[in-house]
Amino acid sequence: MSILHTVNKSPFERNALDSCLKFATDGSALLLFEDGIYAALKGTSVESPMSDAVGRLKVYVLGPDLKARGFAEDRIVEGISVVDYAGFVDLAAESDKVQAWL
């Protein structure tokens, strides 16, 4: 069963990302959106866990939310893919289940 995990909270304010990374099974997808996009940025305290996650999960960040917060795509951790709203919909539609981490 394929699962899309979504995180919309900043990893610097909530532990949603930590919980997600702990329980997400290999091969699952993870989408970072809204304030969750901060987890995708290079040079932060979560860069190392995110780099590790890229090795076992398919990790995506929502491009419009990245841009709305003033970040360019060259600021994201290597291996994280940028998707638009249509890509978000495609990820959800292709998954058997969507798990939102709050």
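Which residues does S95 touch, not counting residues up to four places away in sequence? In this predicted model, S95 touches S2, I3 and L4 when residues up to four places away in sequence are set aside, contact being defined as heavy atoms within 4.5 Å. S95 lies in the loop between α4 (85-94) and β5, and S95 is buried, with a relative accessible area of 16%; here buried means under 20% relative accessible area, exposed means over 50%, and partly exposed covers what lies in between, with a 1.4 Å probe and protein chains only.

The model is a predicted one, in which local features need pLDDT of at least 70 and side-chain atom pairs count only at pLDDT 80 or more, whereas totals for chains, interfaces and linings use all residues. Residues are numbered from 1 along each chain as its sequence is written, and side-chain values use heavy atoms, with hydrogens and water left out.

The protein has four helices and five strands, and from the N terminus on these elements run β-α-β-α-β-α-β-α-β. The radius of gyration of the protein is 12 Å, close to the 13 Å that the globule rule gives for 102 residues, so the protein is as compact as a globular protein of that length. Helices (H or I, at least four residues) and strands (E, at least two) are DSSP runs, numbered from the N terminus, while the radius of gyration is taken over C-alpha atoms and the globule rule is 2.2 Å times the number of residues to the power 0.38. Along its principal axes, the C-alpha trace of the protein spans about 35 × 30 × 25 Å.

Of the 102 residues in the protein, 43% are buried. Among contacts between residues at least 6 apart in sequence, 71% join residues at least 24 apart. The accessible surface of the protein comes to about 5,400 Å², and 49% of this surface belongs to carbon and sulfur atoms; the areas come from the Shrake-Rupley method with a 1.4 Å probe, and for residues only the protein chains shown count as cover. The protein carries 10 positive and 15 negative side chains, with the centres of the two sets 5 Å apart. In this count Lys and Arg are positive and Asp and Glu negative, while His and the chain ends are not counted, and the place of a charge is taken as NZ of Lys, CZ of Arg, CG of Asp or CD of Glu.

T6 is found in strand β1 (residues 3-7) and counts as buried at 6% relative accessibility; beyond residues up to four places away in sequence, T6 touches L31, F33, V98, Q99, A100 and W101. L17 is found in helix α1 and is likewise buried, at 3% relative accessibility. With residues up to four places away in sequence again left out, L17 touches V7, P11, L30, L32, A39 and M50, and the C-alpha atoms of L17 and A39, which are 22 residues apart along the chain, are separated by 8.0 Å.

A search of the whole structure finds three aromatic pairs. One of them is formed by F23 and W101, which are stacked, at 6.2 Å centre to centre and with 5 degrees between the planes. F23 lies in helix α1 (residues 16-23) and W101 in strand β5 (residues 97-101), so this pair ties together parts that are 78 residues apart in sequence. F23 is exposed, with a relative accessible area of 54%, whereas W101 is buried, with a relative accessible area of 17%. The rings of Y38 and F71 have their centres 5.9 Å apart and their planes at 90 degrees, so that pair is edge-to-face. Y38 lies in the loop between β2 (29-32) and α2 (47-54) and F71 in the loop between α3 and β4 (81-83), so the pair ties together parts that are 33 residues apart in sequence. Rings of Phe, Tyr and Trp (its six-membered ring) pair if their centres lie within 6.5 Å, and planes under 30 degrees apart count as stacked, over 60 as edge-to-face and the rest as tilted.

P64 is found in helix α3 (residues 63-68) and is partly exposed, with a relative accessible area of 26%. Leaving aside neighbours within four places in sequence, P64 is in contact with V83, D84 and Y85.
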